[in-house]
2 protein chains.
Amino acid sequence: MASKGEITRQKIVAAAAPLFNQRGYEGCSMHDLMEATGLEKGGIYRHFSSKEELAAEAFRYALNKAVKLRTGHIDGVHGSVALLRSLIKRFVETRSGLAGGCPLMNTAIDADDGNPELRRLACEGLRDWQTRLEAIVRQGIRAGEIRKGTVPRRVANTIIATLEGALMISRLEGTRTALEDARAALGVLLDSIQINQSAN
Amino acid sequence: MASKGEITRQKIVAAAAPLFNQRGYEGCSMHDLMEATGLEKGGIYRHFSSKEELAAEAFRYALNKAVKLRTGHIDGVHGSVALLRSLIKRFVETRSGLAGGCPLMNTAIDADDGNPELRRLACEGLRDWQTRLEAIVRQGIRAGEIRKGTVPRRVANTIIATLEGALMISRLEGTRTALEDARAALGVLLDSIQINQSAN
């Protein structure tokens, strides 16, 4: 069972995560954090050695939540290309579960010119996503479902780039149009690497 | 001829633009701005009524610079699809001309949860980009170079999303790989809408 200290720590992280995600590291003040957690500065720093440590924990929490929402319960899908389509559909139709949009994109943009620890965590989150998608493509090639010569890294990068860029447009426009456009375009891309099995 | 006041104003904007682009609106302090411009607070506020006004001018300056770098001197390209390929190539090979990456993406992420004026300007910048690309696609359809039924908005959104998302990955990874992958994937997309004219 979690200790009282651990429970408080987790509560602080859960309250801080949407703030950092919406406002960025610099835009999130100690006052904001105190208001969101209902704790004094000393109460927060009893659990975290620095704002950077809290921001890092908050990012881990936010990314974990988004990944679970976007990948959970699709294990039943049969076939690599169908699995990729399901993951794309899920991203297009599901919010990140946290105010402020995708924590990976927010932190990537926020930390690319500084804050090495957040940058490292964003890189790690990106790498995990790439690895998961590449593994699906590789499996599809082995199973004879995806054309030989397809570069798994290229497919993974294109899916991530198109979805993240479309999310940026969608949030700016306040409509889902760009995300639906991304799904259609990625569908064309998947058609182009899929070996036609319509003969059966 | 520009007045002395106008010249100073422009110098402040040029010095502030990379700072806002790298650090975001909240992350850019008055101290940073004073250091970069070599002016006191009063010297800056003689030319701008608020930090928000300066940030808005800095964004316009940054976006204008990026757009010029990424669209200049490609008028000589013949054909709509070739023009789209040239614009994609230029984006992939050219930096934004300003420390901190693409001002549109940075401001979109920075302002999507606040700062209505910056958000409005980012929307406007996005809309301009979409309009330019859509016009090229529409021209290609009229000229019989691009398939009828192609949705110009979808092509425009996909190009923008894929390039911006790939730039995010590239900056995080510190390599050009994701941008090159995006170019290859967008090439496949353009092949799929182009009417084959290889017969001649």
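A residue is termed buried if 20 or more other C-beta atoms lie within 10 Å of its own, exposed if 12 or fewer do, and partly exposed in between, with C-beta atoms placed from the backbone. The structure is a predicted model, in which local features need pLDDT of at least 70, side-chain atom pairs count only at pLDDT 80 or more, and totals for chains, interfaces and linings use all residues. Residues are numbered from 1 along each chain as its sequence is written, and chains are lettered from A and ligands numbered from 1 in the order in which they are written.

Chain A contains nine helices and zero strands, these elements being DSSP runs numbered from the N terminus (helices, H or I, at least four residues; strands, E, at least two). Along the principal axes, the C-alpha atoms of chain A fill a box of roughly 70 × 40 × 25 Å. Of the 200 residues in chain A, 44% are buried.

Helix α4 of chain B comprises the 21 residues 51–71. The buried residues of α4(B) include Leu54(B), Phe59(B), Tyr61(B), Leu63(B) and Arg70(B). Among the elements that cover the buried residues are α1 (4–27), α5 (80–93), α6 (103–111) and α7 (116–142) of chain B. After α4(B) comes His73(B), with a positive phi near 60°.

Chain A is superposed on chain B by a rotation of 180° with 0.0 Å of shift along its axis (RMSD 0.0 Å), the relation of a two-fold axis. The superposition is by least squares on the C-alpha atoms of residues with pLDDT of at least 70 in both copies. Contact between the chains (C-beta atoms, placed from the backbone, within 7 Å) involves 40 residues of chain A and 40 residues of chain B. The largest share of the side of chain A that touches chain B, 15 residues, is supplied by α8(A). That side divides into 19 nonpolar, 11 polar and 10 charged residues; Ala, Val, Leu, Ile, Met, Phe, Trp, Tyr, Cys and Pro count as nonpolar, Asp, Glu, Lys and Arg as charged, and the others, Gly among them, as polar. Because 100% of the interface residues of chain A are also interface residues in chain B, the copies meet through the same surface.

Note on methods: The expected span of a helix is 1.5 Å times one less than its number of residues. Two residues are in contact if their C-beta atoms, placed from the backbone, lie within 7 Å.
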